Amino acid sequence: MLQNLKFSHKILIAASLVVIAILSLFSVYNDVRQGAYIENELRGDLQNNGTLTAQNIQSWLSGRVALLESMQQNIERDLSDDSIMAAMSLKAIRQAFELAYIGTQADGRFLANKPTDLGKDYDPRVRPWYKEAETAGQAILTNPYMDLVSNELVMSITAPVRHDGRLAGITGVDLSL
């Protein structure tokens with residue numbers, strides 16, 4: 001069949017095949033480059049969004065730690081039960097946290113800004129949140145754990161309370177996850 005075609009038709013077919021091949025290669029090349037460009041752009045956008053989200057979370061947590069430290073300082077001024085309850089019941093504390101509490105060093109009492117029934121055998125001094133803050137000597141953020149009061153997954157921000165240079169207890173607040 002190719003032999004029956006005129007020479008000009010053969011040249012036209014050959015030129016068409018060359019143009020089709022070039023356009024196909026150019027399309028594949030553009031597709032590969034465009035895919036790489038889009039992937040790089042997405043990767044950069046995800047990195048930026050991740051960084052921004054991490055900064056927002058860090059800022060949010062820093063504000064919560066500052067609230068706890070303010071509560072801690074108020075408690076350190078006056079260790080009476082009324083003063084402790086007043087510090088833990090401030091509007092800012094109630095709105096920001098699920099629960100605010102203190103475990104006392106001397107007698108192992110647990111005081112909270114919401115009614116809690118942990119049983120008579122509950123001793124906060126043996127709880128991980130208490131021991132970790134006692135060891136650290138400063139405000140810390142605990143690993144997530146199941147809360148005994150709400151039975152929900154929470155993280156606590158805890159800090160030691162000092163009086164006359166000695167540990168008087170550990171105060172903390174719970175953040176629901």
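Buried means under 20% relative accessible area, exposed means over 50%, and partly exposed is what lies in between, with a 1.4 Å probe and protein chains only. By that rule tyrosine 122 counts as buried, at 17% relative accessibility. This is a predicted model, in which local features need pLDDT of at least 70, side-chain atom pairs count only at pLDDT 80 or more, and totals for chains, interfaces and linings use all residues. Residues are numbered from 1 along each chain as its sequence is written, and side-chain values use heavy atoms, with hydrogens and water left out. Here is a friendly tour by topic.

**Helix α1**

- Helix α1 has 71 residues and reaches 104 Å from its first C-alpha to its last, close to the 105 Å expected at 1.5 Å a residue. Helices (H or I, at least four residues) and strands (E, at least two) are DSSP runs numbered from the N terminus, and the expected span of a helix is 1.5 Å times one less than its number of residues.
- Leu61, Leu68, Met71, Gln72 and Ile75 are buried in α1. Their cover includes α2 (81-88), α3 (91-96), β1 (99-104), β3 (140-141), β5 (153-163) and β6 (166-176).
- Isoleucine 20 also belongs to α1, which runs over residues 7-77, but this residue counts as exposed at 52% relative accessibility.
- Together with Ile13 and Leu17, Ile20 forms a nonpolar surface patch with about 290 Å² of accessible area. Patches take residues with over 30% relative accessible area and no salt bridge, joining like charges within 9 Å and nonpolar side chains (Val, Leu, Ile, Met, Phe, Trp, Tyr) within 5 Å. Accessible areas come from the Shrake-Rupley method with a 1.4 Å probe, and for residues only the protein chains shown count as cover.

**Salt bridges**

- The structure holds 4 salt bridges, each being a side-chain nitrogen of Lys or Arg within 4 Å of a carboxyl oxygen of Asp or Glu.
- One of them joins arginine 109 to aspartate 81, with the closest N and O atoms 3.0 Å apart. This pair links distant parts of the chain, 28 residues apart: arginine 109 is in the loop between β1 and β2 (110-112), and aspartate 81 is in helix α2.
- Arginine 109 also meets aspartate 107 in a salt bridge, at 2.9 Å from N to O.
- Arginine 109 is partly exposed at 31%, as are aspartate 81 at 34% and aspartate 107 at 44%.
- Another bridge pairs aspartate 123 with arginine 125, the closest N and O atoms being 2.9 Å apart. Shared partners, meanwhile, join Asp81, Asp107 and Arg109 into one network.

**Aromatic rings**

- There are 5 aromatic pairs. Rings of Phe, Tyr and Trp (its six-membered ring) pair if their centres lie within 6.5 Å; planes under 30 degrees apart count as stacked, over 60 as edge-to-face and the rest as tilted.
- Phenylalanine 110 and tyrosine 122 have ring centres 5.4 Å apart and planes at 80°, so the pair is edge-to-face.
- Phenylalanine 110 and tryptophan 129 are edge-to-face because their planes lie at 65°, with centres 6.3 Å apart. Phenylalanine 110 is in strand β2 and tryptophan 129 in helix α4, so this pair ties together parts 19 residues apart in sequence.
- Tryptophan 129 counts as buried at 5% relative accessibility.
- Ring pairs link Tyr101, Phe110, Tyr122, Trp129 and Tyr130 into a cluster.

**Threonine 142**

- Threonine 142 sits in the loop between β3 and β4 (145-146) and is buried, with a relative accessible area of 5%.
- Leaving aside neighbours within four places in sequence, threonine 142 is in contact with Trp129, Glu132, Met155, Ser156 and Thr158, where contact means heavy atoms within 4.5 Å.
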